[in-house]
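Dear colleague,

I am passing on the structure we spoke about, with the sequence alongside. Please look it over first; my notes on what was found follow below.

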Amino acid sequence: MRQALAPREKPALPSNFAYTTMRRIRREQRESRRRQRIAAFLIVAAFSALGIGSLAYACGPEIWQSLVAMSKRPDALALALPTLFCLTFFALLNHLLSRHYVHKGKTPHA
């Protein structure tokens, strides 16, 4: 009876309790950020598909006729190639500048 009523010692925490707790918190934060990025990507993809679909539904025949008419012109390729080059260049420039300026202040987490 005395043993049952005697105050028991509290269980001791492991020596690396703080380290394992912080590691678990960092892992949960990474998983949370990953889920947020996936959700944001899916939302952007869904709205993009919805926008392209509605544009194709509303103006599809006119766009198709314009593309067919443009492909029949002999100088159409001379205009399409520089336009494609410029669009590619600006997309690459946008990507490089956003990586340089947007992600510059953020520190990577291990």
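To begin with the cysteines, cysteine 59 is partly exposed, its relative accessible area being 32%, and cysteine 86 is likewise described as partly exposed, with a relative accessible area of 38%. Please keep in mind throughout that this is a predicted model. A disulfide is a covalent bond between the sulfur atoms of two cysteines. With a pair of cysteine sulfur atoms counted as a disulfide when they lie within 2.5 Å, the count here comes to 0 disulfides.

As for the overall fold, the secondary structure of the protein consists of 3 helices and 0 strands, which reads along the sequence as the pattern α-α-α. The radius of gyration is 29 Å, whereas the globule rule gives 13 Å for 110 residues, so the protein is more spread out than a compact globule. Taken along the principal axes, the box that the C-alpha atoms fill is roughly 100 × 35 × 15 Å. Of the 110 residues, 3% count as buried, and the protein exposes about 10,800 Å², of which carbon and sulfur atoms supply 68%.

A polar atom of the threonine 21 side chain lies 2.7 Å from the backbone oxygen of phenylalanine 17. Isoleucine 43 also lies in helix H2, but it is partly exposed, with a relative accessible area of 48%. Between the C-alpha atoms of isoleucine 43 and aspartate 75, which are 32 residues apart along the chain, the separation is 39 Å.

Helix H3 spans residues 76–101, and phenylalanine 85 has its place there. Phenylalanine 85 is classed as exposed, because its relative accessible area is 60% and exposed means over 50%. This residue also belongs to a nonpolar surface patch of about 760 Å², to which Phe89, Phe90, Leu93, Leu97, Tyr101 and Val102 contribute as well.

When you open the model, you might start with the patch that includes Phe85 and Tyr101, and then go on to the contact between threonine 21 and the backbone oxygen of phenylalanine 17.

Key
Residues numbered from 1 in each chain as written. Predicted model: local features only at pLDDT ≥ 70, side-chain atom pairs only at ≥ 80, totals over all residues. Heavy atoms only, no water. Patch = residues over 30% accessible without salt bridge, like charges linked within 9 Å, V, L, I, M, F, W, Y side chains within 5 Å. Areas by Shrake-Rupley, 256 points an atom, 1.4 Å probe, with all protein chains shown as cover. Salt bridge = Lys/Arg side-chain N within 4 Å of Asp/Glu carboxyl O. Helix = DSSP H or I, 4+ residues; strand = E, 2+ residues; numbered from the N terminus. Buried < 20%, exposed > 50% of the residue type's maximum accessible area, 1.4 Å probe, protein only. Polar contact = N/O pair within 3.5 Å; in protein donor to acceptor, adjacent residues only side chain to side chain. Rg over C-alpha atoms; globule rule 2.2 N^0.38 Å.
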